[in-house]
Amino acid sequence: MAVGSCFARALTAAAGLALALACDGFGPGGAAAPRGTLRLNLGTEPPTLDWNRATDSVSITVIEQLMRGLTRLGPGLQPVPALAERWESSADGRTWRFHLRRDVRWSDGVPLEARHFVDGWRRLLDPETAAEYAYFLFDVEGARELNSGTSSDPETLGVRALGPHTLEVKLVASIVYFASITTFMVTFPVRLDLIDAHGDAWAEAGKLVTLGPFLLDEWLHEYRISLVRNPDFYAGPPPLERILGYMIEEGSPALVLFEQGLLDLVRLPPLEIRRYQDHPGYRHVPALRGYYYGFNTLKPPFDDVRVRRAFSMAIDRSQFPTLLRGGEIAAAYWLPPGMPNHNPEIGLRFDPEAARALLEAAGLDPTALDPIRVVYNTDQTHKLVAEKIQSEWQTHLGVRVELENREWKVFLRELAASPPAVYRLGWGADFPDPDNFMNLFTSWSANNHTNWENSKYDELVLEAARETDVSRRQELYDAAQRILCEDDAPIVPLFVSSVNLVVGERLRGFEPNPMDLLYLDQVWVE
Amino acid sequence: MIRYAALRLLQGVPVLLVVATITFALLRVIPGGPFDREKTLPPEILRNVEARYHLDEPVARQYLRYLGGILTGDLGPSYKYLGRDVTQILADAFPVSMELGSAALAISLLFGVSAGLAGAVRRGRAPDRVLGMLAVAGMSLPSFVLGAGLILGFGLWLGWLPAGLWEGPLSVVLPAITLAAAPAAYIARLTRSSVLDVIDMDFVRTARAKGVSEARVRRHHVLRNALLAVTTYFGPLLAMLLTGSFVVEKVFAIPGMGRFFVTAVTNRDYPLVLGVTLVYAALIVIANLAVDLLYAWLDPRIRLGRSKA
């Protein structure tokens, strides 16, 4: 990581220089693109196109073009019909029935049937598949038992085909957002006959059979993936004839290729955002991604809630957008804007005097306190944030703060084994429901590194997951957020990140998405 | 000669085993595992994943399993690129690095040796000084600066060459020059000093006295002897250039294997780290053998595989 980040900094500087000169009008202008072909930068090689096993955003981006699930995210990030034309849930919210479209065919001509979902879900939960995201279906009856090996009978899983076009799902408890979970790729249907025929290579070009708007045409590993229009897509073929997804890891070389007219859509590296803010192709949207600092609530002085609140109140969050310049939004709340039940009123405000009073009430003499250790993973942005936090706490509270950085995997191991007193982390939504964010700090969450537990918080989050009444759900999440961000303050939310892209002038119909998903089925190139 | 080469290759086998063992041990010692994620895996899922890759077995058994795999040519599955074997990943990436590396090798040898020779025969004069300055620049300019400069000049300003990607012969030019600059400069310095050592020696003067033409003297008597020093450098250079460069591949977005030397470690993709390390080690063994064979060809006094009488 150290070599990589050192290199990245140097490269950004060098390519930045090249770009600065190029943007001033020295560029030769873009070469003409073949009509109807979109060339975008994926950033990295998708580790797999096996949607049961994929976990990363690049794989999701490609799979989203190739496949569809029961539902899909519509405007306002609400689930809308996709392969299921309608669905209903029982009065107790535990049984869901999905009615599939009858006009969907896989790209080899085989009609889609409900059993393909049953096969996919069983495969996802089969311990031998070793799917990292199997837990997305842990709310389905028998899922956890099947995945942990305590049951080996796939028939015990609460999903069955009631006919070729009806899928019934039984949940362990009522989950109001279940139709949002079925937008996620791990729940997509699979063809076991093809997996049996090709083994691990079933998701490679020439073998992969899908049913989405695009089909996999060619996959030059670590270099470029090529998708072509699916003429038989059930919703009608998309306008684009072809998508070429390049795997250019560094943002700056990708921008140079954009300037040379060889790419139509690239993500902006943080340092380049400012330069492109006036570019006609600049696209920006707040992401469902929060950035926070966590306290290990077992380590003094953060075992005292007054100290945690004081440290949270001693940070002027409004400075982060100016400091980082990536379109961030300062946030003292946890549920980001764009997420249902977001409430901007929640959170501890910047109040250094009240913060000092809290420290005094806790009987702490800041000057006598051992230095506070803040640990973050090696990265230029995280370093800037950590230095800002250090200066805020030193200035407003008079404590000494020591910063330590770690290589990513070393950092993660430390978080799992023995979390430092203060650490940084972020969270991006897997599906746009508040539960995906709020569940993080429940007592049973593996992602809660704070060692903080609050049974009231746990109950509120559980109750909200089952609550169908919109205003009641708002009340429950407001109450839970107040405990998390104000009363107990095991975490200090800092800001919400943004999606920042630049698109070529001939690209039409493209809008970025707060989930950072690229929807390309309504996009075309003039 | 063939017997000698076969023997040397056989001697390389234990070398590779030692390299594999040390790398295997180091990977198990460094903190952080392949499945440590920002989104922590629930324990039952982590167990399934570890079982799939046999990471739940005792380390000794994992080691034996790994050695068994190497001996049968199976480097195992990548932990990062699901469903792909390391052998397959390297088979995709190595040819790209080899193509780029061969071009860079040719450029560095051609320019390095010519510049070194030209500088030596015009010692102290203007061309020698200019070449000397160029060589210092070539050695000291980091490749990402040179790469960015070439992209700016030939890619964006002049628009003659692609600023990146791997789409045909033109794509090779800028990255190959970037990759070749430092070795070419080093070879130039090496050649120049070796030529200067040789140029005043008795056998050269004898050749001239016998009326051999100056061109023939330079080619046969001076250069051939001076190249011995360059040959020593050739072994590690060959392995380095053929296995790709992390920096050059990133700057020009080239799908070679150089990136894996860094990304496989940051991902803790143990089989891929071991795979690239073994390929690199094997190339070093082969390149060193090639160097020894070259020595024998360049210097008739060297007799391989025979002790002196």
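Leaving aside its neighbours within four places in sequence, which residues is A:Leu38 in contact with? Select A:Leu38 and look for A:Leu240, A:Ile243, A:Asp264, A:Leu265, A:Leu507, A:Leu520, A:Val523 and A:Val525. Contact here is two C-beta atoms, placed from the backbone, lying within 7 Å.

Before going on, some ground rules. This is a predicted model, where local features need pLDDT of at least 70 and side-chain atom pairs count only at pLDDT 80 or more, while totals for chains, interfaces and linings use all residues. Residues are numbered from 1 along each chain as its sequence is written, and chains are lettered from A and ligands numbered from 1 in the order in which they are written.

Now colour by pLDDT, the predictor's confidence in each residue, from 0 to 100. Chain B has a mean of 89, with 98% of its residues at 70 or more. Among the elements of chain B, helix 2 has the highest mean pLDDT (94) and helix 9 (residues 214–242) the lowest (84). Helices are DSSP runs of H or I, at least four residues, numbered from the N terminus. For the complex, the predictor gives an ipTM of 0.85 and a pTM of 0.87.

Next, go back to A:Leu38, one of the residues that touch the most other members of the largest nonpolar core, a set of 236 residues. A nonpolar core joins buried Ala, Val, Leu, Ile, Met, Phe, Trp, Tyr and Cys residues through C-beta atoms within 7 Å. Buried takes 20 or more other C-beta atoms within 10 Å, exposed 12 or fewer, and partly exposed is in between.

Select helix 7 of chain B (residues 170–199) and find B:Tyr186 in it. B:Tyr186 counts as partly exposed because it has 19 C-beta neighbours inside 10 Å. Beyond four places in sequence, B:Tyr186 is in contact with B:Met139 and B:Tyr233. B:Gly112 is 74 residues away along the chain, yet its C-alpha atom is 7.3 Å from that of B:Tyr186.

Move along to helix 8 of chain B (residues 202–209): none of its eight residues is buried, so the helix lies largely in the open. Just after helix 8, B:Gly211 takes a positive phi of about 90 degrees.

Last stop: show both chains. The contact takes 52 residues from chain A and 42 from chain B. On the chain B side, helix 6 gives the most, with eight residues.

Terms used: Helix = DSSP H or I, 4+ residues; strand = E, 2+ residues; numbered from the N terminus.
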